[in-house]
Each structure stands twice: as structure tokens, then as C-alpha cells.
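Have the structure open while you read.

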Number of protein chains: 2
Amino acid sequence: MSKSKQQAVEDATGLTEEYDNEVGSFIREQRERANLSLRRLAERAGVSNPYLSQIERGIRNPSAEILKRLSRALEISAETLYTRAGLIEDGPAAPTVVDAIESDRSLTPRQKQVVLDLYRALVEAGAATDEPNE
Amino acid sequence: MSKSKQQAVEDATGLTEEYDNEVGSFIREQRERANLSLRRLAERAGVSNPYLSQIERGIRNPSAEILKRLSRALEISAETLYTRAGLIEDGPAAPTVVDAIESDRSLTPRQKQVVLDLYRALVEAGAATDEPNE
DNA sequence: GCAAGCTGCTAACTATTGCAAGCGGCGATC
DNA sequence: GATCGCCGCTTGCAATAGTTAGCAGCTTGC
């Protein structure tokens, strides 16, 4: 092959370990959003709690296996976490909230309706009064 | 999950689909399909060649970072490799509701919290009492 | 024959992951 | 106000990821 792929090598060796620090804070964010203590999430994911603590603070760089368990325990897709960790180039196409709720398995149709109603109500209110941007 | 059938050229490698959940044999197959020697792929991916050898034979379990570099060097998507490595579930285990809400653009962070709280509360309740399906 | 070039693999080593044990702090119950 | 339980964090230590150096085999050319 031609040497046109030097960029890839250079990129690969140069490396991307600079912005993987945000995985930790992202995980912590998701954990707190789920109202889980560090220990509870750790147990749920099958990871030791000190290690999770270090992951969240960016001290340790978790393997994909650990990330996978954490994504499961946090009920977010592994792709999202990998993207956040810089392990996947482009993020997964964000599904719409409505689609996601519709295809969810842990909710009854009635419950879906409730969540959807709330979601739509908030969107309506937000659109009328305030911009989503923080 | 049907794999691509671009096996028009058989290469007489005789490898075929022997791989199970192993990433290694899949990587080796892709490498040979690209007519790359082990050393060349290793260099291209920025990995040492003995290590790549061990990965291909399933002796070592590569981190996601290494998989990412290999996927680039092989010019296949990282998702494919991760799925092959069993690091991404293409199965139903990952509900995307949380992701969808998280990445939604029409909600403020506060509103997201509200919807997520409701969603999780319903899931919890549903799990505790009655499942919508199996 | 034999050196030069490749192929993939083994061995020994270092660096990092990931864990168990244990720390001090904070709120509740007695 | 001591004890219990949970919180997150620090500290060593075992396991393993990933390295460099070097092995044997197999061609090609001199």
C-alpha cells in the first residue's frame, strides 16, 4: 500500500489520552442523576468501589470491559460511554426520546403514555418560555 | 447480524468463520483479507507485533484503546470490532431512553432530571410488581 | 553454502489495571 | 455521646496489559 496512511499511524501513536478524562465526570454525572451512591453503582456494575472512585476522578483509565459493565448498571448504551471515552470516533445517532420510550421494554404502554405526556408537556413549556441552553 | 459476504476472493486461507466470540480470529481474518502481515498491521496500528500476535490467538485481552487503533488500521468501524469483542451488546439489554433524554435538545438539565426521575421510578415500580413482558 | 529479507512466535521485563483492607467523616438511633 | 451504618477516598498488593529483545523457519539471490 502507499504511505498515505501515515496520518493514521501518527494519530494512533500520538494518541488520544487527553480528553478521556471526561468519562469520569460523565459517569459521575450519570450516577448522581440516577441517585446512586458510588458504592451502590460499583456493586451493581461488579466493580470495586475504590476503583470506581478513581475512575470518576480520572485517576484510572478503565478498560472497555469495565465501561461496559458501568454502562449496563447506568442503563445507558455502551456506545454512548465509549464515545464519551473517545473510543469511538463518532457518537451513535441520538434516538429521539419518543422513539426510545416507545421501544422501551421495562414500561407498560400506560406508563409510556405517562412519561411521554410529561416529556411533551415540558417541551411545550420550554419552547414557550425558556431556551434549553443552560 | 449477517456478516458481509464479500468473500469473492477466497485467498485460499481456509480460515473462514471459525471465530466465536473471539476478537482475535476476527482480527486475523480481516488482516489477512487486507493482505497485511502481522508486523505491518502492528506497526500501522501502533501496537507491538508480539502483542498483536497474542491478541489474534486469544492469549491476551486487548483494551478498547488497542481495539480502536486496530479498527482504524484495518479500516473497519470500531463498533464492529467492539461488538465482535463482546463489548457492545447489539441485544435488547440496553434501553436507550436515558440516552435519548440525556441528549435531547429541547429540555433543560433540570427538566431532564424530572423526566428521568419519573422514568426510573416507573421502571423501579414495574420491576417490583409486574413485568410488561418477559 | 550463506547472508539478507521476510514470516510469526517465545521469553523476560515494565507499567498499569483492578482489588481487598482500612482510613476518617457524617447522620441517625439508642 | 457511643455505636451503627453508609459515604467517598487512600494505601499497598496481585494480576495482567503491553513492551523490547531475540528465537526458529521459510524464501530469494549471490
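## Around DNA strand C

Let's start with a serine: an N or O atom in the side chain of Ser53(B) sits 2.6 Å from a phosphate oxygen of DNA strand C. Keep in mind that this is a predicted model. Chain A has a serine contact too, with an N or O atom in the side chain of Ser63(A) 2.6 Å from a phosphate oxygen of DNA strand C. Arg60(A) goes for a base instead: a polar atom of the Arg60(A) side chain is 2.9 Å from a base oxygen of DNA strand C.

Zooming out, 21 residues lie around DNA strand C, and the ones that come nearest are Tyr51(A), Ser63(A), Arg39(B), Ser53(B) and Arg57(B). Sorted by class, the protein surface here has 7 nonpolar, 8 polar and 6 charged residues.

## Around DNA strand D

DNA strand D is surrounded by 21 residues, with Leu38(A), Arg39(A), Ser53(A), Arg57(A) and Tyr51(B) the closest. The surface near DNA strand D splits into 7 nonpolar, 8 polar and 6 charged residues.

Which part of Leu38(A) makes its polar contact, backbone or side chain? It's the backbone: a polar backbone atom of Leu38(A) is 2.7 Å from a phosphate oxygen of DNA strand D. Arg31(A) uses its side chain, placing a polar atom 3.2 Å from a phosphate oxygen of DNA strand D. For a base contact, look at Asn49(A), which has a polar side-chain atom 2.9 Å from a base nitrogen of DNA strand D.

As for the elements involved, helix H2 (21–33), H3 and H4 of chain A and H3 of chain B each supply at least two residues of this surface. H4(A) has the largest share, with 4 residues.

## H3 against H4 in chain A

Two of those chain A helices also pack on each other. Helix H3 (residues 38–45) and helix H4 (residues 49–56) of chain A have axes 9 Å apart, at an angle of about 110°. An angle from 65 to 115 degrees counts as roughly perpendicular, so H3(A) and H4(A) are roughly perpendicular to each other.

From H3(A), the residues that meet the partner helix are Leu38(A), Arg39(A), Leu41(A) and Ala42(A); from H4(A), they are Asn49(A), Leu52(A), Ser53(A) and Glu56(A). This contact has 4 nonpolar, 2 polar and 2 charged residues.

## H1 in chain B

Over in chain B, H1(B) has these buried residues: Val23(B), Gly24(B), Phe26(B), Ile27(B), Glu29(B), Gln30(B) and Arg31(B). Their cover includes H2, H3, helix H4 (64–74) and helix H5 (78–84) of chain B. Just past the end of H1(B), Asn35(B) has a positive phi of about 55°.

H1(B) crosses H3(B) at roughly 115°, and their axes come within 7 Å. Gly24(B), Ser25(B), Ile27(B), Arg28(B) and Arg31(B) of H1(B) make this contact with Leu52(B), Ser53(B), Ile55(B) and Glu56(B) of H3(B). By class, that's 3 nonpolar, 3 polar and 3 charged residues.

Methods: Residues are numbered from 1 along each chain as its sequence is written. Chains are lettered from A and ligands numbered from 1 in the order in which they are written. This is a predicted model: local features need pLDDT of at least 70, side-chain atom pairs count only at pLDDT 80 or more; totals for chains, interfaces and linings use all residues. Side-chain values use heavy atoms; hydrogens and water are left out. Axes are lines fitted to C-alpha atoms, for helices over the stretch in contact, and angles run from 0 to 180 degrees between N-to-C directions. Angles under 35 degrees count as roughly parallel, over 145 as roughly antiparallel, 65 to 115 as roughly perpendicular and the rest as oblique. Contact means heavy atoms within 4.5 Å. Ala, Val, Leu, Ile, Met, Phe, Trp, Tyr, Cys and Pro count as nonpolar, Asp, Glu, Lys and Arg as charged, and the others, Gly among them, as polar. A residue is near a molecule or strand if one of its heavy atoms lies within 4 Å of it. A polar contact is a pair of N or O atoms within 3.5 Å; within protein, one must be able to donate a hydrogen and the other to accept it, and residues adjacent in sequence count only if both atoms are side-chain atoms. Buried means under 20% relative accessible area, exposed over 50%, partly exposed in between (1.4 Å probe, protein chains only).
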